[in-house]
Amino acid sequence: MASPRVLKRANGTRQVQIVWGKVGGKRKVEYVGSGRTDEEIELLLVEARERINAGQGALDLGLVGPRRAGEPLEEVASQMALLWDALNAGFRALGFDEAAGDDVFRDLVLARIVEPTSKHAAIERVLPEIGVPHASHRTVARRLRVYSAEGFRDSLSAACARAARLGPASLLLFDVTNLWFETDKEDEFRIPGFSKERRVEPLIQIGLLADASGMPLMVTAWEGNTAETKTMIPTLKAFMTAHQLHDVVVVADAGMISEANWKAIEAEGFSFVLGAKMPHLPYVIEKWRTDHPDVEYEDGQVWVAREPVGTGKKNRADHVC
């Protein structure tokens, strides 16, 4: 395949050549010309390309007026048809078209996938560059109240759950982070709190419930001064109500479980597995160490310590450590 190339010479000039490939085992090189300035080299490269394309037909693009050789074409329109069709197919496969029933919402979601940006930029720049018809920014502003309603989000969460094909043994993951806002004015929702980035601006807490593959199932939000340990129980209860579940097993570490959370989990009747530091060595381990003073611990060795919890009618299942 022929291609132009530029070589630097010792006298300061640059030489433009065409490499035509190998003919009879030898590389065929054609000299085009030499120049010193970038403009001269660009003109020589244009001439080289014209020599390479000599004899090939040119399409009539209907351009008005004369056009200089090598001059770039004016971009009058574009359409990312393959990209847009693929994103639409994914949107429909997840069931979001039926759950949302709104083309404006679909356009905003898919535009954010193409380029994460503001709503205004999505309407004014991203969607026109994709080449699809879209609603005005005023129409989008009117729809925001619909999109922020809990019923709208619940329908999307139900679609996610159907796409994830949840079952009795499904593993769900939950975590919390915060988003801060570039303003010094707080309101009833955006409130300064514990920031993971150590920022002092108003922020909100965002919780995400996902399946084992990372498929999002539910997104929740709280005021910025809400403690992370107070976000898990409301999220689980909302998810169980939405999907008519009777029991879940909570698996968490000490970062998400406070003493109040522990009691709340028991009060809701959830099964749970908690990872936390133990202030005292359990009796069963201490006794084993006493009975086997010269024996090393084995990998995977397990001791079970059962601790009765509660009495009478309020008696709950024993804690097993």
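## A tour around helix 4

Begin with Phe-152, which counts as buried because its relative accessibility is 10%, under the 20% cut-off. The model is a predicted one, so keep that in mind at each stop.

Select Phe-105 together with Phe-152. The structure holds seven aromatic pairs. In the pair of Phe-105 and Phe-152, the ring centres are 5.0 Å apart and the planes stand at 80°, so this pair is edge-to-face. Now colour by helix: Phe-105 belongs to helix 4 (residues 103-114) and Phe-152 to helix 7 (residues 150-164), so the pair ties together parts 47 residues apart in sequence. Both Phe-105 and Phe-152 are buried.

Tyr-147 pairs with Phe-152 in a tilted arrangement, with 5.3 Å from centre to centre and 40° between the planes. Tyr-147 has a relative accessibility of 11% and therefore counts as buried. Phe-105, Tyr-147 and Phe-152 make up one aromatic cluster.

**Along helix 4.** At the start of helix 4, look for Asp-102: one of its side-chain oxygens comes to within 3.0 Å of the backbone nitrogen of Val-104.

Which residues of helix 4 are buried? Select Val-104, Phe-105, Asp-107, Leu-108, Leu-110 and Ala-111 to see them.

**Across to helix 2.** Select Asn-88, which is part of helix 2 (residues 81-93). Is Asn-88 buried or exposed? Its relative accessibility is 9%, so Asn-88 counts as buried. Leaving aside residues up to four places away in sequence, Asn-88 touches Arg-106 and Leu-110. Leu-110 is also one of the buried residues of helix 4.

**Two arginines over rings.** Move on to Arg-190 and Phe-181. The charged end of Arg-190 sits over the ring of Phe-181, at 5.1 Å from the ring centre. For the last stop, select Arg-289 and Tyr-297. Here Arg-289 lies over the face of Tyr-297, 4.9 Å from the centre of the ring.

Methods:
Residues numbered from 1 in each chain as written. Predicted model: local features only at pLDDT ≥ 70, side-chain atom pairs only at ≥ 80, totals over all residues. Heavy atoms only, no water. Phe/Tyr/Trp six-rings, centres within 6.5 Å; stacked < 30°, edge-to-face > 60°. Helix = DSSP H or I, 4+ residues; strand = E, 2+ residues; numbered from the N terminus. Buried < 20%, exposed > 50% of the residue type's maximum accessible area, 1.4 Å probe, protein only. Lys NZ or Arg CZ within 6 Å of the ring centre and 35° of its normal. Contact = heavy atoms within 4.5 Å. Polar contact = N/O pair within 3.5 Å; in protein donor to acceptor, adjacent residues only side chain to side chain.
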